[in-house]
Amino acid sequence: TLIVGSAVTTSSGKVGLGTGTPRSDIDLEGSTRFKTYSENVETLDISSGAVVVDLSLGQTFELTVDEAVTEFTLLNPPTGSTAFSIKLTQDTTGGYGVGIDTFRNSGGNAIPVYWPGGVLPIVTPTADRSDIYSFKTFDGDDITSAGLYGVVGGQNFA
C-alpha cells in the first residue's frame with residue numbers, strides 16, 4: 001500500500017481518496033467537483049427479441065430497434081444504488097414493439113419495474129423516432145425483489 005497525502009494505492013491497484021481501504025477501483029470518501037465529465041455510450045443489439053444490458057460496460061446505452069424486443073437481461077448491477085439510461089430509436093421501417101418493463105437478471109428471474117403512477121409507457125413505434133428511458137435501482141444485490149424505478153426522459157424525438 002502506497003500512501004500519498006490522503007490518497008492510498010493498494011497492491012491490487014485500487015485507489016482510495018479520503019479512505020485508507022478502497023472498496024472499488026477508485027473509492028472517494030468526500031465531496032467531488034467536476035468541471036465536466038463524459039460517459040461511455042454503449043451500443044446494444046437485439047438477438048431473437050432479447051437485449052443484454054451490461055452495467056459493467058456503461059450507464060448510457062443506445063439501441064436501434066429493428067425487431068420486436070421481448071426482454072432485457074440486466075447484467076452486473078453494482079451493489080447499492082445505480083442508474084442507467086437507454087435511448088431507443090426505431091429503424092427506418094419502425095412499428096416494432098418494445099417490452100420496456102420486461103427486465104430479467106442473468107438467472108432469468110424477472111426484475112419488477114415501477115413507473116410513476118403505475119402507468120407503463122408505450123414505446124413510440126414511428127420510424128426514425130427515439131424515446132429515452134432511465135432506470136434507478138436502490139439495491140443491486142437484491143434487484144429481483146427491490147426492482148427498478150423507471151422514468152420517461154422523453155418520447156417521440158424526431
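These legends describe close-up views of a predicted model. Residues are numbered from 1 along each chain as its sequence is written, and side-chain values use heavy atoms, without hydrogens or water. Local features need pLDDT of at least 70 and side-chain atom pairs count only at pLDDT 80 or more, while totals for chains, interfaces and linings use all residues.

**View 1. Six strands form an open sheet.** The order is β5-β8-β10-β14-β15-β13, and the pairing is mixed. Strands here are DSSP runs of E with at least two residues, and helices are runs of H or I with at least four; both are numbered from the N terminus. Two strands pair if DSSP finds at least two bridges between them. β5 (41-44) and β13 (113-114) stand at the edges. Each has a single partner strand, so one side of each is left without a neighbour in the sheet. β5 pairs with strand β8 (residues 60-65) in the parallel sense, over four bridges. Val 41 has Thr 60 in β8 as its bridge partner.

**View 2. Five strands form an open sheet.** Their order is β6-β7-β9-β11-β12, again with mixed pairing. Strands of a sheet pair through backbone hydrogen bonds, either parallel or antiparallel. Which strands stand at the edges? They are β6 (46-47) and β12 (110-111). Each has a single partner strand, so one side of each is left without a neighbour in the sheet. Strand β11 (residues 103-104) and β12 run antiparallel, joined by two bridges. Here Phe 103 has Ile 111 in β12 as its bridge partner.

**View 3. Phe 84 and Phe 135 form a stacked aromatic pair.** Rings of Phe, Tyr and Trp (its six-membered ring) pair if their centres lie within 6.5 Å. Planes under 30 degrees apart count as stacked, over 60 as edge-to-face and the rest as tilted. The count by this rule comes to ten aromatic pairs. In the pair shown, the distance is 5.2 Å centre to centre, with 25° between the planes. Phe 84 lies in strand β10 (residues 82-90) and Phe 135 in strand β14 (residues 130-137), so the pair links distant parts of the chain, 51 residues apart. Both Phe 84 and Phe 135 are buried. Buried means under 20% relative accessible area, exposed over 50%, and partly exposed in between (1.4 Å probe, protein chains only). Ring pairs also link Phe 84 and Phe 135 into a cluster with Phe 61, Phe 72, Phe 103, Trp 115 and Tyr 133.

**View 4. Phe 138 meets a ring and a charge.** The ring centres of Phe 138 and Tyr 149 are 5.7 Å apart, with the planes at 75°, so this pair is edge-to-face. Phe 138 is in the loop between β14 and α1 (143-146), and Tyr 149 is in strand β15 (residues 148-157), eleven residues apart. Phe 138 counts as exposed, at 55% relative accessibility. Tyr 149 is partly exposed, at 39%. The charged end of Lys 136 sits over the ring of Phe 138, 5.5 Å from its centre. That term requires NZ of Lys or CZ of Arg within 6 Å of the ring centre and within 35 degrees of the ring normal.

**View 5. Ser 85 sits in strand β10.** Ser 85 is partly exposed, with a relative accessible area of 23%. The C-alpha atoms of Ser 85 and Ala 127 are separated by 21 Å. Along the chain, Ser 85 and Ala 127 are 42 residues apart.
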